[in-house]
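User: I'm new to reading protein models. Could you walk me through this one with some questions and answers?

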Amino acid sequence: MTSDTATGARVLVVDDAATVRLYHTTLLGGAGFAVNEAANGLEAVEAALGTDFDLFVVDVNMPKMNGYACVEALRSDTVGSDAPVVMISTEDRPGDADRAYQAGANLYLVKPVAGDRLVRVATMLTAGKDDVA
Amino acid sequence: MNPLLAQFLAEANDLLAQVDEGLLQLERDPGDPELVNEVFRAAHTFKGSSGLFDFPELTRLTHAAEDLLDAVRGGRLALDSGMTDDLLASFDLIRGWLAHVTTHERLPSGAGSDAAGLITRLRAPLGGEAAPSAPSAAGPAVLVDTAPDWLAYLDAEWLTETAGWLSTTGSTLRFLWYTPDTDCFFRAEDPLHLIRQLPALDRLSVVQPGTWPAVQEYDEYTCMLSFLVVTRASLGELNHLFRYVTDQIEIVELDADAITRHLSGEPPLRAEEVMTVAVTPVIDTEMAADARSVLHAAHRALTMDGVVTEGTRIRSVRHAVAAAARSLGVPVDLGAAGPAELLTAIDLLAGEAAPAPVAIAPVPAAPPRAEERVESRADDPGGQVGTRVLKVDQEKVDRLMELVGELNVAKNGLTFLAASAEEEFGSRALSRRIKDQYAGLHRIAEELQSAVMDVRMLPLSVAFSRFPRLVRDLSRRLGKNIELVTEGGDTMADKDVIEALGDPLVHLVRNSLDHGIETPDERSLRGKSHTARLTLTAVADGDAVIVEVSDDGRGVDPDRVKHKAYEKGLISEEELETLSDVDAVDLVFRPGFSTADQVSDLSGRGVGMDAVRASVEKLGGAVTMRSKLGQGTSTRLRLPLSMAVTQVMVVSVAGQRFGIPVDLVVETVKVPAGGMGRVLHQDVVMMRGEVVPVIDLARALDMPWSLPETADRPILVVSVNGQRVGLLVEQFHREVDVILKPMEGLLAYADEFSGTALLGDGLVLLVLNMKEVLGLAARVA
Amino acid sequence: MPLELHEETANLVGVVTVDEVEQLVGWLRTAKRPRVALRRCNHLHTGALQALLLFRPKISSAPADAFLAAQVLPLLAGGGGPAKPGSESP
């Protein structure tokens, strides 16, 4: 496991839009997180199989494997990650957030997420992550 | 430009191409769900990414397009050509905006009004309703969607009341946050005096410091107050009144929605609550709001129907709740807490974090339709597949090519050095060693050059990509049925060649659509299929690429062409009789010729086939046309695969040097003054039994110069259009490899030059366009 | 004279400018149970308002001036309005 401060915590940013990915990685990278990227759910699952991430920031609408399916896969026995998942979507429709929680997400935010908020949430969710079994 | 915007523009380019192509395919195959999904996804990604920038019109327009496509995707709408037109027009508008963004980093000023009509049209098939998630989207641009956090200094009751009133009346209020500089009293500023002059003051909140200094330490000349002013005064009035303290104020205009959102998001900070909240730094307030969101999500995740509360899911909820608790300053030990314990902890923590309206707001159950749609998204097929290709800015490659050019130039400098080593310093050995060095450098430079040129190679499909759209639009306008076929799109050529091909190809395709291809009625009269066929083909041929535009239209009538050319005085009566059919067809490339009896608004805009030939020849290529009356026409462009490096022969006239493409040069001769002949006012020279006309280059270029009567005549023999012509010059120089750059500025319209190149000694060389020079000479004579 | 200062009562008259602020603060520091009459006050300089907010004297008469009466008096008479989050605990 990585250190228990925000700095050094490992985040996987999953989004098919390269611009959004760059935005999120720049923000989080700038705040001291070690950031990896994936362009769709499949890539994310592959990445999570090889690395223990401390946080996932996942877009909802993606090709190949969408965000919900991706989070479900992350929570499945195959990957078995219990790290916090923040889902970020452009949609703000009733039911979408519940769908995210059902898949196993821990927070549902609507795009665009203000930069300081993303960093704040990421910092909160990764701080002292080793305390709980 | 900031890297994020640069990334967005690059991504947008790909998305636009994807949308265009998808829509056109979709029109042909409206039922294809994968295609719909692909186009929808592109529009969706566009909208999402555009939201990161201050481009509200772009977001709104892509949102409208996305909603329409979503309806098509969900089967609620059938895509018709009118909708396709509107969608294409929307993305065309966006393309224009992005070009503006590329140079100005903002949308053009008229973007809002340009988009408004399209948005209405896009929304019309959906019943014209606005998107539910963008209720304030149609508001004026000055409106701020999110209330600033200082709005918390107004009490919630008043805000609720005000929001109700604003909502009923559809109006807005201006909110001003005024934080006077602490030393403002010394500058004779009196904030309160400023505020009392404000007309239509609705609400004033004076915000005091969270901690007052001790009475003994209180400095009466330090301003510690901030002011929150709510007013119905216009922005103009506000700006005028506060014009001397602009750096101390912040003004936002809010509507009912923004205030309501503010009210439901963060806890209002009422006067009575001041004492408790005052000790908490601002960042913590926001942190608390985030913590509440996390707790709310956890609560929902534990209580929703059919949710899994074991394994990784419950563990992640434990993590999240513990994290939220820690950030609220009340760490909890959740151990192996189960759902029930977690819920208790959440309730406790929620109390700690002050009641958040978000947490208690009932979440409406998902309507079944939304659920179905979500389901159908789960097994999303397709989308674009990421490739392991490095995207390089075109400018960087151009820069690389320039450097290669400069390297070539520097390399060529060594030959000068070798010559002067021998001539000036009399050292043959040194000259040879320099030449050896040159040879080694030359080899490396050549390899580097071909490597860079390889990077510059693009598939012809890039040049072809605009035609599906063009053919579709034009054929609809002309009422013709046309099937476009492209072949050999993967043939590679230098990007400059591809770019330069664009205009000639457009012209040829338009010409074919306009004049070549018949209307469906005419076609069936002639026993042809209703749908005409237009083919774009590319094939590589050695170091050239051949691009052919062919149609199965009515073809060119050689007799009609000949008569027309004769009427226009382009050919003589004798030629009218004797010209072969093939040569007759070639007449269409003559300047001043147009095959159509009426000039159409499509292809007849002052440029003819002569312009096509001229521009292709300027690239060092050739155009030929073959046609069979009644069966079709085929126009063939032959272009060099690469036009980056050209070998030129350097000659000088009147003290100035010019370059002539080496592949035109036949030989160089020096003819004694007496060896020149004259036939019909034309200087000629006899070479191996052939009479070769000789042109005085200086005269053709209108440069004052003449050789001494008795001097030998240096003559450069070139072959242009299969004809040999001698050029009288002052002196021959060497052959050099140069990077030809297109003419710029004042010389851009000087057709006698095909470009400029930098020489090893730093001089700029003008490279001659021989055809034009010969034309000039003919006119001067 | 905008300030009429007595042992425990003060009368603010006309426009109280920045020049009166020091004197007002000095009086507020020493007066045991200060009472301030605002009836004839037409304007308070921000510095004077700030001083009144810090020392919180009893307001013995409401200002006749509409702006002061509507917008400023409630601050002095009531809870004093919201406060900025400070950086340390009180």
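Analyst: First a definition: helices (H or I, at least four residues) and strands (E, at least two) are DSSP runs, numbered from the N terminus. This is a predicted model, where local features need pLDDT of at least 70, side-chain atom pairs count only at pLDDT 80 or more, and totals for chains, interfaces and linings use all residues. Residues are numbered from 1 along each chain as its sequence is written, while chains are lettered from A and ligands numbered from 1 in the order in which they are written.

User: Which element does Asp59(A) lie in?

Analyst: UniProt lists Asp59(A) for "modified residue: 4-aspartylphosphate" in an unreviewed entry; such annotations may be inferred rather than shown by experiment, and positions are given in the numbering used here, with feature names shortened. As for its place in the fold, Asp59(A) lies in strand E3 of chain A.

User: Is Asp59(A) buried or exposed?

Analyst: Count the C-beta atoms, placed from the backbone, within 10 Å of the residue's own: 20 or more others means buried, 12 or fewer exposed, and in between partly exposed. Asp59(A) has 28 such neighbours inside 10 Å, so Asp59(A) counts as buried.

User: Which element gives the largest share of the side of chain A that touches chain B?

Analyst: Residues are in contact if their C-beta atoms, placed from the backbone, lie within 7 Å. On that basis, 49 residues of chain A are in contact with 54 residues of chain B. Helices H1, H3, H4 and H5 and strand E5 of chain A each give two or more residues to this side. The largest share, six residues, comes from H1(A).

User: Where in chain C does pLDDT stay under 50?

Analyst: pLDDT is the predictor's confidence in each residue, from 0 to 100. Chain C has a mean of 83, and 84% of its residues reach 70 or more. Where pLDDT is low, the predicted coordinates should not be read in detail. The stretch under 50 is residues 86-90 of chain C.

Conventions: Contact = placed C-beta atoms within 7 Å.
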